[in-house]
Amino acid sequence: MDLKFNNTRKHISITVPSKTQAMSPHIKSVDDIIVLGINLSKFNKLTQFFICVAGVFVFYLIYGYLQELIFSVEGFKPYGWYLTLVQFAFYSIFGLIELQLIQDKRRRIPGKTYMIIAFLTVGTMGLSNTSLGYLNYPTQVIFKCCKLIPVMLGGVFIQGKRYNVADVSAAVCMSLGLIWFTLADSTIAPNFNLTGVMLISLALCADAVIGNVQEKAMKLHNASNSEMVLYSYSIGFVYILLGLTCTSGLGPAVTFCSKNPIQTYGYAFLFSLTGYFGISFVLALIKIFGALLAVTVTTGRKAMTIVLSFIFFAKPFTFQYVWSGLLVVLGIFLNVYSKNMDKIRLPSLYHLINRSLEVRRSRTLAQTV
């Protein structure tokens with residue numbers, strides 16, 4: 001729509017674009033929710049929900065299976081950073097392809113911001129992948145569920161925030177669950193190493209920061225997801241490449257993977273592809289139904305990932321895993337509840353007692369009659 005002002009005649013001329021003219025992709029995105037070429041806006045809410053949940057579970061369960069499968073290859077565990085390098089390369093290619101499919105291809109976020117985001121992304125994914133060389137996969141997943149802990153610590157010490165009872169209880173439950181799970185793992189797992197705990201803890205800290213930085217940058221500059229993926233992962237690829245070159249870690253990794261191309265590069269391609277598709281469905285789930293339902297679905301997915309890990313990959317098992325995992329799930333529920341107290345109203349103890357008394361009175365009256 002064009003507005004033309006004329007000071008002498010004092011009138012405004014308004015030109016409305018025809019239907020054949022293309023609108024801005026940012027305006028289209030308000031109504032249309034497109035995931036992997038599927039326009040979810042054409043379906044009703046229930047169908048949208050099932051499509052998103054199916055996408056999250058299918059792609060992320062395959063993602064987790066392939067990640068553990070790659071590290072089960074004999075001799076691959078020292079090359080977690082090289083796997084991250086290959087993963088970043090694939091993500092950059094996928095982001096470039098997706099960016100070519102939209103009309104607005106301009107970079108909106110400044111390069112300095114992308115350098116920070118890329119550094120945090122390298123820390124999150126690189127340290128997480130490398131930790132699998134020292135930890136069981138279920139232990140890594142349990143740690144990933146507890147991102148609230150570094151977020152709360154950063155809020156207290158950096159921003160001076162105060163949290164309610166539900167948030168503190170959630171952090172306590174998660175901490176106790178992590179300690180219990182880690183102790184169980186150190187007791188029965190033959191390959192347990194505290195280095196893995198340190199690596200996944202640092203990855204959690206980077207992950208806790210990157211979400212806030214990405215959200216602020218995308219809202220401030222109105223950038224698309226494909227732009228964020230392309231530039232953050234391509235810059236991160238350069239970071240990792242320089243790091244591996246300086247530490248002489250690139251040559252041995254390339255030599256090892258060239259001897260097992262299908263088990264390394266082949267699995268890494270599928271691993272990266274399913275991870276890229278999975279995050280697309282998570283973002284759609286958040287946009288349509290909100291963070292509350294998205295967290296519930298992703299938590300269920302992580303629980304299923306742990307169960308499948310014990311089924312498909314032989315490893316020691318103890319019921320301490322179950323109890324400590326339930327503590328972490330309770331902490332996640334308390335965290336979600338604290339953020340959505342207006343939507344989730346749990347019955348108070350007073351109402352529960354009154355309800356039980358009313359049930360007893362009705363039973364007594366029934367028996368008397």
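## Terms and ground rules

The model is a predicted one, in which local features need pLDDT of at least 70 and side-chain atom pairs count only at pLDDT 80 or more, while totals for chains, interfaces and linings use all residues. Residues are numbered from 1 along each chain as its sequence is written, and side-chain values use heavy atoms, with hydrogens and water left out.

## Enclosed spaces

Let's start with the cavities. On a 1 Å grid over the protein atoms alone, a cavity is a set of points where a 1.4 Å probe fits but cannot get out, and lining residues have an atom within 4 Å of a point. Grid points are joined across faces, edges and corners, and a volume is the space filled by probe spheres set on the points. The model has 2 cavities of 30 Å³ or more.

The largest cavity holds about 60 Å³ of space. Its lining consists of Leu61, Gly64, Tyr65, Glu68, Tyr137, Thr305, Leu308, Ser309, Phe312 and Phe313, which sort into 6 nonpolar, 3 polar and 1 charged residues.

## The nonpolar cores

Several of those names come back in the core. A nonpolar core is a set of buried Ala, Val, Leu, Ile, Met, Phe, Trp, Tyr and Cys residues joined through side-chain atoms within 4.5 Å; buried means under 20% relative accessible area, exposed over 50%, and partly exposed in between (1.4 Å probe, protein chains only). The largest core has 65 residues, of which Phe76, Tyr82, Leu83 and Tyr91 touch the most other members. Helix 2 (residues 45-71) gives the most to this core, with 10 residues. Another core lies apart from it, with 8 residues that include Ile117, Leu120, Ala217 and Met228.

Which residues does Tyr82 touch, leaving out those up to four places away in sequence? They are Leu244, Leu250, Ala253, Val254, Cys257 and Tyr265, where contact means heavy atoms within 4.5 Å.

## Cysteines

How many disulfides does the model have? The count is 0, taking a disulfide as a pair of cysteine sulfur atoms within 2.5 Å. Cys257 is buried, at 2% relative accessible area, and Cys173 also counts as buried, at 13%.

## An open pocket

A pocket is an open set of grid points with protein on both sides within 12 Å along at least five of seven lines. The second largest pocket has a volume of about 270 Å³. Among its 17 lining residues, Ile142, Ala303, Ile306, Tyr321 and Gly325 lie nearest its centre. Helix 12 (291-312) and helix 13 (320-339) each supply at least two of the lining residues, and helix 13 gives the most, with 7. The lining divides into 14 nonpolar, 2 polar and 1 charged residues.

## A loop residue to look at

Ser248 sits in the loop between helix 9 (225-246) and helix 10 (250-259). Although Ser248 is not a glycine, it has a positive phi of about 60°. Ser248 counts as exposed, at 57% relative accessibility.

How values were computed. Helices (H or I, at least four residues) and strands (E, at least two) are DSSP runs, numbered from the N terminus. Ala, Val, Leu, Ile, Met, Phe, Trp, Tyr, Cys and Pro count as nonpolar, Asp, Glu, Lys and Arg as charged, and the others, Gly among them, as polar.
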